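Please read each paragraph beside the coordinates.

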Amino acid sequence: MSGKRLDEDCCDSGLGSLLEGQLLSLPGSQYSLGCLPITDNWEREIRSPKSSDSLARAEEPLWIRDPKPWGDEQTPKVSAEQEFERFDSALGDSLRDEDVAVVELGGLVQDIRLEQHTDPEHWAAGVCGYLSDEGDTALHLAVIHEHEAFLDAVLQYMGKTEFLDLQNDLGQTALHIAVIIGLPVFTSKLILAGASLCIPEKAGNTALHLACKEGRYDCAKVLLLHTTGNFNDIQKLLDCTNYDSFTALHIAVIRKDLEMVKLLLDSGADLNKPELSCGRSPLHLAVESQCPEVVECLLRAGANKDAQMYVGYTPLYSAMYRQDNSILQLLRRYGSREPEWDSDESLDMSSDEEEQDTTYDDFVINSIQCKN
């Protein structure tokens, strides 16, 4: 898919394509997304018809053609060398040999549209009723294979419905996948059609979390652009936490993505919201990530330079025990207070006290008390 290679952990493994029988003649529909046999000279055969019959077929809508117009016996056999390159979803395992990817339709469906005599209800019921073994709908597959024409056709009839927010086996909606792949145009179309922004996938990540995680700056801009008209919506999106209790800003800071951090701050992200595991603020995370540029960006934006973790550590204290001295100097220049106690000494004292107070005068083996 356009040369993109993605981590299998990001998306469904084996986000396969529609089977020929399922895509071309979907259940519940009398119409089919027909496809002529794929051969080396398929384009010449279709676009340079030699007879009135072939001309009629070229003008006929793709979805009302017979999936096997020549019959089983006359269908040309295609060798492995003649086949189109099978597209993996770029999100996991390769397609099965018997699968026919949506993208294999190539130029044949680039002008996809519904004719007047095509019943929209039957077409929508058939296409939108499809579900793959991995839980992917036709909408998921349109995004996976970057098939904009097919996406437009589906959205034309399924916009502003719950269909847009259906999740596959990994909890991903079509919007999640569009962001992971990095398709800002698809992202915009899905949002305008009514896709929800705050639905979490299997790890609790919203589309904005994934944009920060994958470094999809353009997709993040689209997500935030479509919420700027409503303050409550944008704050809800920016304040959403995943199952690790990270906001989108936390993730951007951890990734040392300065441009993404600036975008989120300009959109109103909370500078001082702590994550829940240790109480670390974005500034703590920036210090731990050892990124002076992000640290300075947060300080200039007004981050609390003396924010404390649950154990009382400040960003300055964290910087004192890390290699990059420039961060330590930066925090001091912005007025961070020196720690009033040395945790190493306190930990040594507490461990000594525990050793002194811990005495064992007996122990139990198989419920039998034994004296020391």
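1. Tyr317 has a relative accessibility of 7% and therefore counts as buried, where buried means under 20% relative accessible area, exposed over 50% and partly exposed in between (1.4 Å probe, protein chains only). Tyr321, at 43%, is partly exposed. The structure holds two aromatic pairs. In one of them the ring centres of Tyr317 and Tyr321 are 4.9 Å apart and the planes stand at 50 degrees, so this pair is tilted. Rings of Phe, Tyr and Trp (its six-membered ring) are paired if their centres lie within 6.5 Å; planes under 30 degrees apart are stacked, over 60 edge-to-face, and the rest tilted. Ring pairs also bring Tyr313 into a cluster with Tyr317 and Tyr321.

2. On provenance, this is a predicted model in which local features need pLDDT of at least 70 and side-chain atom pairs count only at pLDDT 80 or more, while totals for chains, interfaces and linings use all residues. Residues are numbered from 1 along each chain as its sequence is written, and side-chain values use heavy atoms, with hydrogens and water left out.

3. The salt bridges come to eight, a salt bridge being a side-chain nitrogen of Lys or Arg within 4 Å of a carboxyl oxygen of Asp or Glu. Arg280 forms one with Glu275, with the closest N and O atoms 3.0 Å apart, and another with Glu288, at 2.8 Å from N to O. Arg280 is buried at 15% relative accessibility, and Glu275 is buried at 0%. Glu288, by contrast, is partly exposed at 26%.

4. A network formed by salt bridges with shared partners joins Glu148, Asp152 and Lys189. Within it, the side chains of Asp152 and Lys189 meet at 2.9 Å, N to O. Asp152 belongs to helix H7 and Lys189 to helix H9 (residues 184-193), so this pair ties together parts that are 37 residues apart in sequence. Asp152 is partly exposed, with a relative accessible area of 33%, and Lys189 is partly exposed at 23%. Helices (H or I, at least four residues) and strands (E, at least two) are DSSP runs, numbered from the N terminus.

5. What does helix H14 pack against? The buried residues of H14 are Met260, Val261, Leu263, Leu264 and Leu265. These residues pack against helix H10 (207-214), helix H11 (217-225), helix H12 (231-239), helix H13 (248-254) and helix H16 (292-301). After H14 comes Gly268, with a positive phi near 105 degrees.

6. Gln290 has a positive phi of about 55 degrees although it is not a glycine. Gln290 is placed in the loop between H15 and H16 and is partly exposed, with a relative accessible area of 24%.

7. Is Thr137 buried or exposed? Thr137 is buried, its relative accessible area being 2%, although its place is in the loop between helix H5 (120-128) and helix H6 (138-144). Leaving aside neighbours within four places in sequence, Thr137 is in contact (heavy atoms within 4.5 Å) with Tyr130, Leu131, Phe163 and Leu166.

8. Leu276 lies in the loop between helix H14 (258-266) and helix H15 (282-288) and is exposed at 60% relative accessibility. Together with Tyr310 and Val311, Leu276 makes a nonpolar surface patch of about 350 Å². Patches are built from residues with over 30% relative accessible area and no salt bridge, like charges being joined within 9 Å and nonpolar side chains (Val, Leu, Ile, Met, Phe, Trp, Tyr) within 5 Å. Accessible areas come from the Shrake-Rupley method with a 1.4 Å probe; for residues, only the protein chains shown count as cover.

9. Residues 203-224 are 73% helix and 0% strand, with end C-alpha atoms 21 Å apart. Residues 278-310 are 52% helix and 0% strand, with end C-alpha atoms 6 Å apart.
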